[in-house]
Amino acid sequence: MEIKSLARPGGLWLAFLLCGSLPISPPSRAEPVTDPFEPAAAKPVVVVPVEAPPPTGPVGVRIFMEDRRQVVESFGASDAWHSDIVGRTWPDADKQGVARLLFSRELDERGSPRGIGLSLWRFNIGAGSFEQGDDSGIAPMGHGPGPTRVECFLSPDGTYNWNKQAGQRWFLQAAKAYGVGQFIAFTKSPPVQFTRTGRAVSDGSLKGNLKPEHLHDFTRFLVEVVEHFRAKEGITFRYLSPVNEPQWKWGGGKQEGTPYTNSEIKEVAISLDAELRRRKSPTKMMLSETGDLRFVYESGKNQAARQAYAFFDPASPDYIGGLRTLDRTFAAHSYFSDGLPDEFVGVRQKLRAELDNYNLRYAQTEYSLLRQGLDKTTPNRPIPPIDSALQLARVIHSDLVEANAVSWQFWTAMDTQRDTNFGLRYYLVERALDRVYYRPTKLLWTLGHYSRFIRPGYVRVGIKREDGLEAMEAANRELVSAYRSPDGRELVIVAVNWRQHPVTLSLSLDGKAGRRAAAPNGQRFLTTADPDVNLAKQEDFKNGELPLPPRSLTTCVISLR
């Protein structure tokens, strides 16, 4: 089967991409009280970043090898709906091909990666909307041209059917076979029999859809699922996430979901902690998958705002920081904080400062390009794939460098193309809706610039630009980050060139006591607008001079002696 890149040449400036066919406005502070996917909330958003001037010479970059920042734990992606379809219905050779793109660390005959070597896989525990069919309240075509109803392992009569979610379970096993070592289980809604509406969607209010009398039934169900996978399928979930984007109403009938108040989340967490301890499960609880980074630190009208304080400050009435199974890694989503540099940089710096107040790590557990579009985008001029790729790279870089993310995860691994006018937005691998066909996207290879080379345990190290530009100014120019292996023998550098012009980085390494090492040499892997240049092995760079083509991503690997 032929596998082609989705890339097309082009150089339009990227800003926001929209969700479905609806333009989505950014939240005004941490105060949205409606579902962002509802038409009533939609406002056109078009942002045109200022183009950076051409460089006047090499850009000097000093890398401080002993300036240790965060330890990177993983890069991952979520399964959800289309993974289930592919894993359940496609021929083995084809779904193996998709798995190879996502999980393989092999190199081809030219030395280029065959896949992006994800180190984490995120598994959606369904709530039973699939079994309800049209009574689920979720449209047959769901969130785009594909079903978004999900099966549930727990039947209404209280029995379990572990043959459900067969396609998703196939990908779990494929990830394990490729050596993926970290797994997260998350759910968007309690099983339908435990909800107020009798469905896996809410009634449009901001009250949680979980019936109070079924609180312990819900948490017992979640722990039963993770313990089944550990005992029977050899999959140990590192984290269990019981709440997903509690700020939204989830009444739009597009997919499973429920809002929660902070006090309701507290009750879920206390019950889940007790059940994990009762079952002596090694799985840790993770909260709270906020729908916008600002909900972590800002006060506002929303019922689930200022969540770092709410859950981890002993002065809060919703404090749960003492729960033994609650991990001190706060999960949040980078949607809607991906516009101009004040969002890329400013929002994440505030997030980091707030999390530092409570000694919390940060995991970015969901992001895709939800926001709209590009200036001058028309049906005859769709968004060039390289622009989407660079936008994704800028988000990953900002989360890692400005917010010290220890894990970064994409939503979702695969999906179908919904609107060619708005380019790549939702998926790493595109699948056809009407036949067995798939192809990797520029977004896949973009994530691969990080996931394939920055392995669990690598440490981000400090960097300084010799031209003195601060993060706000550099956001529209070159974005550079560096990561050292645990044994100190390898350095990985990822450079994103946002400019329309070629740039040369002049790299220097500073070791102990500020001693500068010889100019480094290393391997180089490149992604450009060219449809055929996707994480492609290039000639090695020498003497610290690293060339960056216009509008490109470059990863280099330096062997340290």
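**Entry 1: lining of a cavity**

I began with the classes of residue lining the second largest cavity: six nonpolar, five polar and one charged. For these classes I counted Ala, Val, Leu, Ile, Met, Phe, Trp, Tyr, Cys and Pro as nonpolar, Asp, Glu, Lys and Arg as charged, and the others, Gly among them, as polar. A cavity here is a set of points, on a 1 Å grid over the protein atoms alone, where a 1.4 Å probe fits but cannot get out; lining residues have an atom within 4 Å of a point.

The model is predicted, so I kept to its limits: local features need pLDDT of at least 70, side-chain atom pairs count only at pLDDT 80 or more, and totals for chains, interfaces and linings use all residues. Residues are numbered from 1 along each chain as its sequence is written, and side-chain values use heavy atoms, with hydrogens and water left out.

I found two cavities of 30 Å³ or more in the structure. Helices (H or I, at least four residues) and strands (E, at least two) are DSSP runs, numbered from the N terminus.

Is Gln182 buried or exposed? Gln182, in strand 4, is buried, because its relative accessible area is 9% (buried is under 20%, exposed over 50%, partly exposed in between, with a 1.4 Å probe and protein chains only). I listed its contacts (heavy atoms within 4.5 Å), not counting residues up to four places away in sequence: Glu73, Ser74, Ser119, Leu120, Trp121, Arg238 and Pro456.

Next I went to Trp411, in the loop between strand 10 and strand 11 (414–415). Trp411 also counts as buried, at 9% relative accessibility. Gly76 is 335 residues away along the chain, yet the C-alpha atoms of Trp411 and Gly76 are separated by 9.1 Å. Leaving out residues up to four places away in sequence, the residues that Trp411 touches include Trp81, Arg122, Phe186, Tyr335 and Tyr426.

**Entry 2: Thr219**

Thr219 lies in helix 5 (residues 215–232) and is buried, with a relative accessible area of 1%. Beyond four places away in sequence, Thr219 touches Val268, Ser271, Leu272 and Glu275.

**Entry 3: helix 9**

Does the span of helix 9 agree with or differ from what its 17 residues should give? The expected span is 1.5 Å times one less than the number of residues. For helix 9 (residues 341–357) that gives 24 Å, and the end C-alpha atoms are 24 Å apart, so the two agree. I noted its buried residues, among them Phe344, Val347, Leu351 and Leu355. What covers the buried residues includes helix 10 (385–401) and strand 9 (361–366). Just after helix 9, Asn359 has a positive phi of about 55°.

**Entry 4: cores and the whole chain**

A nonpolar core is a set of buried Ala, Val, Leu, Ile, Met, Phe, Trp, Tyr and Cys residues joined through side-chain atoms within 4.5 Å. The largest has 121 residues, and Leu102, Phe103 and Trp121 have the most contacts inside it. A second, separate core of 20 residues includes Ile63 and Ile558.

Last, I noted twelve helices and 21 strands in the protein chain, with 63% of its 561 residues counting as buried.

Technical notes: On a 1 Å grid over the protein atoms alone, a cavity is a set of points where a 1.4 Å probe fits but cannot get out, and a pocket is an open set with protein on both sides within 12 Å along at least five of seven lines; lining residues have an atom within 4 Å of a point. Grid points are joined across faces, edges and corners, and a volume is the space filled by probe spheres set on the points.
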